[in-house]
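Work through the exercises below with the structure open beside you. Try each task before you read its solution.

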Amino acid sequence: MLRFTLPLLLIFSGLVGCNADQPRPQAPLANFVFSQEKLEALIQEREPIFSSIQLEYQHTHYDRLEYADVFVDTQKQIPYLLLALSSETGHSLTLAIKFDESQLLGCQIFSGPHRIDSFDCSNAQRQEQGDKSIFELHTNEKKQYLQLTFVTDWLEYSSAIGSTLFSPQEHGASIEILTSNYFEPLINNQWCTEECDNPANSTLGITSYQALKRLVDHYPKQKKVLIFDNFVGGSADDEINMYTGLLVRDHKLDTKVSRSGRVFSGATDLFAAGVNRTLEPKITGLSLERNQQIGVHSWSDSELDKDATDIPYYDEAHRSQATYFSQMLGKQGVPFYLFTLTSAPAQGAHWMSREEMQTYRLTTHIL
């Protein structure tokens with residue numbers, strides 16, 4: 001079973017806890033072992049997600065999921081699952097599935113930021129065939145034949161692959177890798193055409209690890225800095241995200257939050273992986289916590305119906321995080337992790353102050 005830590009179609013993952021009756025230590029031990037074998041197993045476990053959705057539309061077969069995320073239109077309180085699909089011929093489109101809890105309500109098709117068609121993907125149109133859900137119909141606007149097929153149990157995990165793009169820019173002997181949100185042009189054009197109270201934020205996942213791995217392999221000798229240049233709202237897959245951070249540290253990348261960037265939750269974890277970690281305040285003269293650029297919070301487990309602080313510290317989930325932060329922040333790693341658990345509840349946010357960043361040595365430079 002895959003283990004993810006952010007809501008996927010409003011479903012949370014299960015992290016296996018231990019016997020809560022045993023005495024609770026004061027802090028988790030940093031004794032988790034990260035290994036290449038574990039990483040390869042995680043990647044192999046997630047690979048079926050990329051081929052779990054098939055779409056036949058306008059004589060083109062889209063059979064590869066490239067990026068995915070959940071966006072909530074807060075004005076109408078409607079969540080959308082956004083799926084970027086590609087074909088072997090190089091065509092791409094985005095399928096936006098409107099849903100309510102676990103029920104699909106309707107589907108729209110986008111080419112880039114523009115809506116080009118829609119179709120009824122409600123339960124009334126769904127056919128079940130083994131472990132698959134099938135929709136075979138004609139679209140609303142263009143009256144095109146369409147067939148959508150997806151592995152039913154995998155759809156809930158699709159948004160965990162991530163939606164953050166990593167774009168390299170060469171500057172002589174150094175490389176800047178800038179983050180952005182794959183779906184931001186579509187979201188801004190479709191739902192945030194004017195003032196938007198829910199700006200697009202991207203997530204990290206298996207695609208993030210794969211993209212950064214390609215870049216460090218492609219630029220093995222150049223000095224590299226990972227610049228968070230948009231709002232990266234967290235990780236949808238903490239197990240993979242820690243290996244992404246280890247990749248950043250092993251290849252001696254620096255990290256930076258630019259004036260237009262923000263990191264939160266799992267993105268803050270990834271920022272911590274930089275050898276040098278720079279924050280460029282959005283507004284000079286405004287306190288860092290009011291700039292809201294580096295955020296943390298706790299986590300929860302819906303299957304156990306427990307907050308992180310109610311789960312024994314000898315649980316693997318705690319020990320892996322403690323080990324990760326110890327490798328990134330040294331002696332301040334475990335204290336920083338404990339700080340995140342009490343900083344804000346799982347559904348809340350705490351934006352760090354200058355004093356907090358200095359206490360836990362999260363930043364090495366504040367411009």
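**Exercise 1. Confidence**

Find the mean pLDDT of the protein chain, and find what the pLDDT is over residues 1–24.

Solution. 
- Step 1. This is a predicted model. The mean pLDDT of the protein chain is 90.
- Step 2. Of its residues, 91% reach 70 or more.
- Step 3. Now turn to residues 1–24. Here the pLDDT is below 50. In the model, this stretch has 80 contacts beyond near neighbours in sequence.

**Exercise 2. Helix 4 and helix 5**

Describe how helix 4 packs with helix 5.

Solution. 
- Step 1. Locate helix 4 at residues 206–218. Helix 5 spans residues 238–250.
- Step 2. Take the geometry. The angle is about 15 degrees, and the axes are 9 Å apart.
- Step 3. Angles under 35 degrees count as roughly parallel. That makes helix 4 roughly parallel to helix 5.
- Step 4. Helix 4 passes helix 5 in a left-handed crossing.
- Step 5. Name the residues. Helix 4 brings Ile206, Ser208, Tyr209, Leu212, Lys213 and Val216. They meet Ile240, Tyr243, Thr244, Leu247 and Val248 in helix 5.
- Step 6. Sort them by class. The contact of helix 4 with helix 5 has 8 nonpolar, 2 polar and 1 charged residues.

**Exercise 3. Helix 5 and helix 8**

Which residues of helix 5 and helix 8 meet, and how are the helices oriented?

Solution. 
- Step 1. Locate helix 8 at residues 316–329.
- Step 2. Helix 5 and helix 8 pack at about 15 degrees, with axes 11 Å apart. The two are therefore roughly parallel to each other.
- Step 3. The crossing of helix 5 past helix 8 is left-handed.
- Step 4. From helix 5 come Asp238, Met242, Gly245, Leu246 and Arg249. From helix 8 come Ser320, Gln321, Tyr324, Gln327 and Met328.
- Step 5. The classes in this contact are 4 nonpolar, 4 polar and 2 charged.

**Exercise 4. Helix 8 and helix 9**

Are helix 8 and helix 9 parallel or oblique to each other?

Solution. 
- Step 1. Helix 9 covers residues 333–343. The axes of helix 8 and helix 9 come within 7 Å and cross at roughly 130 degrees.
- Step 2. Helix 8 and helix 9 are therefore oblique to each other. The crossing is right-handed.
- Step 3. Contact residues of helix 8 include Ala317, Phe325 and Leu329. Those of helix 9 include Val334, Phe336 and Leu341.
- Step 4. The contact of helix 8 with helix 9 has 8 nonpolar, 4 polar and no charged residues.

Terms used
Residues numbered from 1 in each chain as written. Predicted model: local features only at pLDDT ≥ 70, side-chain atom pairs only at ≥ 80, totals over all residues. Heavy atoms only, no water. pLDDT = per-residue confidence, 0-100. Contact = heavy atoms within 4.5 Å. Axes fitted to C-alpha atoms, helices over the stretch in contact; angles between N-to-C directions. Helix = DSSP H or I, 4+ residues; strand = E, 2+ residues; numbered from the N terminus. Parallel < 35°, antiparallel > 145°, perpendicular 65-115°, else oblique. Left-handed = near helix turned anticlockwise from the far one by under 90°. Nonpolar A, V, L, I, M, F, W, Y, C, P; charged D, E, K, R; others polar.
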